[in-house]
Protein chains: 2
Amino acid sequence: MNITYADPVHDYLQQVEALIFSQPDHSHSNPATAFFKLIASGGKRIRPRLALLVGSMLGANKLYLITLAAAIEMLHNATLVHDDLVDNSLLRRGMATLNAHYSSIITVLVGDYAFARAAKLASNTQSLPVMNLFAETLMIMADGELTQACRKSDIFTRAEYYRWIHAKTASMFELATGAAALLSPVAHTEIIASARKFGSEIGMAFQIVDDILDFTGNRNTLGKPTGNDLRQGVITLPTLCYLDTHPDYPITDILQHKKDKATGSSRIDQLILDICKNGAIDQAYQEADGFIQRGLSALATLPDTPERHALAEIARSVICRNN
Amino acid sequence: MNITYADPVHDYLQQVEALIFSQPDHSHSNPATAFFKLIASGGKRIRPRLALLVGSMLGANKLYLITLAAAIEMLHNATLVHDDLVDNSLLRRGMATLNAHYSSIITVLVGDYAFARAAKLASNTQSLPVMNLFAETLMIMADGELTQACRKSDIFTRAEYYRWIHAKTASMFELATGAAALLSPVAHTEIIASARKFGSEIGMAFQIVDDILDFTGNRNTLGKPTGNDLRQGVITLPTLCYLDTHPDYPITDILQHKKDKATGSSRIDQLILDICKNGAIDQAYQEADGFIQRGLSALATLPDTPERHALAEIARSVICRNN
């Protein structure tokens with residue numbers, strides 16, 4: 001993501017990084033080191049940036065805000081560890097995932113360790129409302145993952161898709177902006193609600209754009225093959241948009257036979273091409289933009305500060321990103 | 001465990017059970033149901049009982065205390081889910097484990113879900129010190145599991161064994177008694193320290209007895225085969241005691257060849273018999289008793305109430321249990 005605005009929280013973000021990488025003495029195992037390398041390898045740090053901007057805008061204590069931002073980035077990376085295992089993904093940010101290098105067991109334990117570190121950092125904010133929102137978010141995310149893994153059908157309705165991306169992505173964006181607002185000594189109920197709404201809406205857009213880039217993105221930029229979701233049997237918004245205009249398309253049949261090497265793979269290839277050509281991508285972008293606009297409306301009720309301008313620019317950049 | 005004392009927290013414990021089984025609306029997946037069946041299938045509820053007794057002894061708010069006790073039992077069961085997966089255990093309390101029924105992936109996600117529920121319950125105690133201790137305990141446990149899984153050698157020193165059983169078992173007992181004390185409106189620093197010490201010490205004894213029962217217990221009572229730890233290559237206190245008096249025993253060699261069907265299995269069988277016959281079990285019980293005595297000394301500094309008597313009886317019963 002190219003950030004063109006003057007970044008009001010640049011210095012804070014460096015302190016967040018320092019806190020993330022300040023390992024407790026007792027952890028020097030190789031897989032834990034590999035986990036920290038994975039965090040260091042990149043990622044956009046959009047979640048901690050959102051937390052820092054919202055908190056700064058609302059006058060939150062700097063130390064607690066930095067701690068919160070570190071907790072959220074740690075939680076994000078913890079979920080990636082278990083997600084990559086569950087999805088059997090071998091690449092992330094162009095690097096080998098933990099499960100590509102280590103056994104499932106070690107990967108599970110590294111994920112648990114990262115969750116524990118995230119919880120510890122969150123508890124260091126010394127804010128009960130933050131801890132409550134943190135725990136509530138964990139529940140939403142874990143329940144969403146389990147519900148998704150246990151689904152009997154490959155086919156999603158739009159409502160199910162939106163529920164799923166809220167659980168897996170938007171809830172953590174909502175935590176980032178909402179918990180930052182909760183750290184503010186002055187934020188009242190409406191301000192906190194607007195901060196949460198802003199985070200949730202742009203989180204939804206962020207995931208939709210992720211799902212679009214899975215079709216349209218460059219393999220090298222994304223670090224994974226194009227059309228990966230559909231090849232794994234996962235339906236996302238571009239496919240749902242395509243099915244809206246092609247209600248008779250035999251999607252169930254295609255997904256059921258996706259492992260049939262003789263015809264399955266080429267039919268999936270053709271479907272991916274069709275989705276990219278038939279307006280489904282535009283439609284998905286329009287839906288993402290709807291979330292961005294609702295997020296910006298919520299943001300507009302918050303104090304008019306340089307941080308708010310930076311938040312608006314982040315929101316708009318979510319649509320334009322290419323990785 | 002046969003509890004012979006009048007139980008001062010019997011009614012509270014029923015409310016803990018009710019809280020554990022009050023599922024949120026959004027979770028009705030089969031594996032989550034299987035998880036709750038596993039909790040319902042038994043277990044001694046020693047951790048929530050300890051929390052309830054310590055909290056009642058120190059005048060903690062009843063509602064928050066019940067919530068804490070439910071959080072701790074949930075956390076305990078969450079760790080069992082990932083532990084059984086890591087150890088590839090197929091039986092627990094005589095029932096099939098989750099990983100025996102479901103894929104590793106589903107098992108990981110059920111564990112995550114249970115961790116999240118535990119964190120949510122803990123946050124419902126509305127106590128920052130409790131949340132801090134809860135998060136610190138998660139860190140100790142996760143770090144211990146990861147350190148153990150990454151060990152390059154099968155051989156433990158006594159110090160390493162004690163560190164490991166503190167991380168995997170005693171830290172949660174310490175959380176149960178310490179967090180309950182933290183909920184007390186009157187407990188000062190020394191009382192909290194004594195409560196934590198009591199929990200930690202009897203937790204150490206509890207795990208040692210677990211490790212003894214792995215050698216001496218009845219397969220039907222334990223729900224797993226005798227000598228299971230050693231068969232899996234895991235050294236525990238009875239083996240360490242045996243090695244103290246048999247310093248030249250070729251333990252490394254035996255463990256390296258344990259998968260060699262021709263001789264490995266019969267040599268392990270013989271070692272298990274030798275450990276049971278040569279005073280190693282007695283020595284291990286003596287060490288467990290040392291922990292119990294130190295726990296009772298810490299307990300003796302706490303207020304002399306019916307709850308304290310019940311806690312002392314639990315401490316002594318840890319040594320006598322047979323499952």
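Which residues does Ile202(A) touch, not counting residues up to four places away in sequence?

## A residue in helix H9

Ile202(A) touches Leu50(A), Phe173(A), Ile292(A), Ala315(A) and Val318(A), when residues up to four places away in sequence are not counted. The model described here is predicted. Ile202(A) sits in helix H9 of chain A, which covers residues 189-216. With a relative accessible area of 0%, Ile202(A) is buried.

Cys150(A) and Ile202(A) are 52 residues apart in sequence, and their C-alpha atoms are 27 Å apart in space.

## How the two chains are related

The same surface serves both copies, since 100% of the contact residues of chain A recur in chain B.

## The interface

How many residues does the contact take from chain A and from chain B? The contact takes 41 residues from chain A and 41 residues from chain B. Between them the two chains bury about 3,500 Å², and 75% of this is on carbon and sulfur atoms. On the side of chain A, the residues that lose the most area to chain B are Leu109(A), Met139(A) and Leu146(A), which together make up 18% of what that side buries.

Four helices of chain A give two or more residues to the side that touches chain B: H2 (30-40), H4 (62-87), H6 (104-123) and H7 (128-149). By residue type, that side of chain A divides into 23 nonpolar, eleven polar and seven charged residues. Across the interface of chain A and chain B, the rule finds zero salt bridges. It does find six residue pairs in polar contact across the interface of chain A and chain B, with both residues at pLDDT 80 or more.

## Salt bridges

Side chains of opposite charge can pair when their charged atoms come close. Over all chains, the count comes to 28 salt bridges. One of the pairs is Glu136(A) with Arg196(A), at 3.6 Å from N to O. This pair links distant parts of the chain, with Glu136(A) in helix H7 and Arg196(A) in helix H9 of chain A, 60 residues apart. Glu136(A) has a relative accessible area of 31%, so it counts as partly exposed. Arg196(A), with a relative accessible area of 25%, is also partly exposed.

In another salt bridge, the side chains of Asp304(A) and Arg308(A) meet at 3.9 Å, N to O. Arg308(A) counts as buried, because its relative accessibility is 19% and the cut-off for buried is under 20%.

In chain B, Arg321(B) and Asp210(B) form a salt bridge at 2.9 Å, N to O. Arg321(B) lies in the segment after helix H16 (306-320) and Asp210(B) in helix H9 (residues 189-216) of chain B, so the pair ties together parts that are 111 residues apart in sequence. Arg321(B) is buried, with a relative accessible area of 4%, whereas Asp210(B) is partly exposed at 30%. Back in chain A, salt bridges that share partners join Glu17(A), Arg45(A) and Glu73(A) into one network.

## Three loop residues

Arg45(A), a member of that network, lies in the loop between H2 and helix H3 (46-57) of chain A. The phi of Arg45(A) is near 55°, a positive value in a residue other than glycine. Arg45(A) counts as buried, at 8% relative accessibility. Gln126(A) lies in the loop between H6 and H7 of chain A, and its phi is near 55°, again a positive value in a residue other than glycine. Gln126(A) is partly exposed, with a relative accessible area of 35%.

Thr97(A) lies in the loop between strand E2 (95-96) and helix H5 (98-101) of chain A. Its relative accessible area is 0%, so Thr97(A) is buried. Neighbours within four places in sequence aside, Thr97(A) is in contact with Asp84(A), Ser89(A), Leu90(A), Leu91(A) and Arg92(A).

Conventions
Residues numbered from 1 in each chain as written. Chains lettered and ligands numbered in written order. Predicted model: local features only at pLDDT ≥ 70, side-chain atom pairs only at ≥ 80, totals over all residues. Heavy atoms only, no water. Contact = heavy atoms within 4.5 Å. Buried area = accessible area lost by both parts, 1.4 Å probe. Salt bridge = Lys/Arg side-chain N within 4 Å of Asp/Glu carboxyl O. Polar contact = N/O pair within 3.5 Å; in protein donor to acceptor, adjacent residues only side chain to side chain. Nonpolar A, V, L, I, M, F, W, Y, C, P; charged D, E, K, R; others polar. Buried < 20%, exposed > 50% of the residue type's maximum accessible area, 1.4 Å probe, protein only.
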